[in-house]
Amino acid sequence: MAAAVVGLALLTAAGCHRAEVPPPSASGRSLVVVIEGMKFTPSSIHVHPGDQIVFENHDLFPHTATAKGVFDSGPIPSGKSWTVIPPAGRTIPFACLYHPPMTGEIVVEP
Amino acid sequence: MKKLIPLLTLLGIGALPLGAANAPKVTDPQIAAIVVAANQVDIDAGKYAVGKTHNAEVKAFAQTMVTDHTAVNKSAVDLVTKLKVTPEANDTSRALTAGGEKNVSALHALEGAAFDKAYVDHEVAYHEQVLQALDTVLVPNAQNSELKDLLVKVRPAFVAHLEHAKHLQMSLH
């Protein structure tokens, strides 16, 4: 089950040793979540299946975008970004592992 | 555990009403030295705690302190290098460094839960003081706009650190 979940959450990262992922489908949008000032902006993201979310770190120190059992960016260095296509049909809470007060949620339409 | 000497006392504010109009004058080179010293104090305490604590949450917090304050110091040093500003050691930066060394020395004598509690208690008090100093002295007095912008940019990190430390403090008491 875990493998299937991870398989559904296709990952890519700039500057990290993550697997290459195919570009989003023609219908998939790309939405940016800015990590700055110790918060995710926006912190609540509504997407459609196939949309990709790009976490851009504008802070001076590393953060993560981690949804337990769904996706984990690992450290996103300052100035770098990390992209995920979240699995469809669920609400996914996520947080920065290094800074627990930093939280957000992704709502993926069915 | 000895009480922290209030940072604002070290900055010469004492019992004066707070506010930019009454804030003592601190130059940009002095601010740079204070910022570097303040970050280094937390880096040193964090490194010690990472090596000593057996509590996973305390260890994770301490590592975050090391990572974040190291990054802030790098940004501060890179900026003053670019601006050709030489940090000027002053009574406040020296007192911060001395206070940090005393804190680590005191932590040497503690073990286990007592260590964790003392380390986190100090982190709460320390971040409260640093935030107050940022707001009432360092930011209002910074003359160079890039230095001021850096101080403003890092402020949310100190707020987040304080929030994290307080949450941890509650779990340890």
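This is a predicted model: local features need pLDDT of at least 70, side-chain atom pairs count only at pLDDT 80 or more; totals for chains, interfaces and linings use all residues.
Colleague: Which helix does S75(B) lie in?

Modeller: Helix α3 of chain B, residues 56–82.

Colleague: And what does S75(B) touch, leaving out residues up to four places away in sequence?

Modeller: L60(A) and L150(B).

Colleague: How many Å separate the C-alpha atoms of S75(B) and E163(B)?

Modeller: 23 Å, with the two residues 88 apart along the chain.

Colleague: New topic. At what angle do α2(B) and α5(B) pack?

Modeller: About 165 degrees, and the axes are 11 Å apart. Helix α2(B) covers residues 28–52 and α5(B) covers 112–141. That angle means α2(B) is roughly antiparallel to α5(B).

Colleague: Which residues make the contact?

Modeller: From α2(B), I31(B), I34(B), A38(B), D42(B), A45(B), A49(B) and K52(B). From α5(B), F115(B), Y119(B), Y126(B), V130(B), L138(B) and N141(B).

Colleague: Is the crossing left-handed or right-handed?

Modeller: Left-handed, as α2(B) passes α5(B).

Colleague: Over to chain A. Why is β8(A) largely enclosed?

Modeller: Because five of the five residues of β8(A), residues 81–85, are buried. S81(A), T83(A) and I85(A) point one way, and W82(A) and V84(A) the other.

Colleague: How many bridges join β5(A) to β8(A)?

Modeller: Four, and the strands run antiparallel. Strand β5 of chain A spans residues 52–57. In β8(A), S81(A) is the bridge partner of E56(A).

Notes. Residues are numbered from 1 along each chain as its sequence is written. Chains are lettered from A and ligands numbered from 1 in the order in which they are written. Axes are lines fitted to C-alpha atoms, for helices over the stretch in contact, and angles run from 0 to 180 degrees between N-to-C directions. Helices (H or I, at least four residues) and strands (E, at least two) are DSSP runs, numbered from the N terminus. Angles under 35 degrees count as roughly parallel, over 145 as roughly antiparallel, 65 to 115 as roughly perpendicular and the rest as oblique. A crossing is left-handed if the near helix is turned anticlockwise from the far one by less than a right angle, and right-handed if clockwise. Two residues are in contact if their C-beta atoms, placed from the backbone, lie within 7 Å. A residue is buried if 20 or more other C-beta atoms lie within 10 Å of its own, exposed if 12 or fewer, and partly exposed in between; C-beta atoms are placed from the backbone. Two strands pair if DSSP finds at least two bridges between them.
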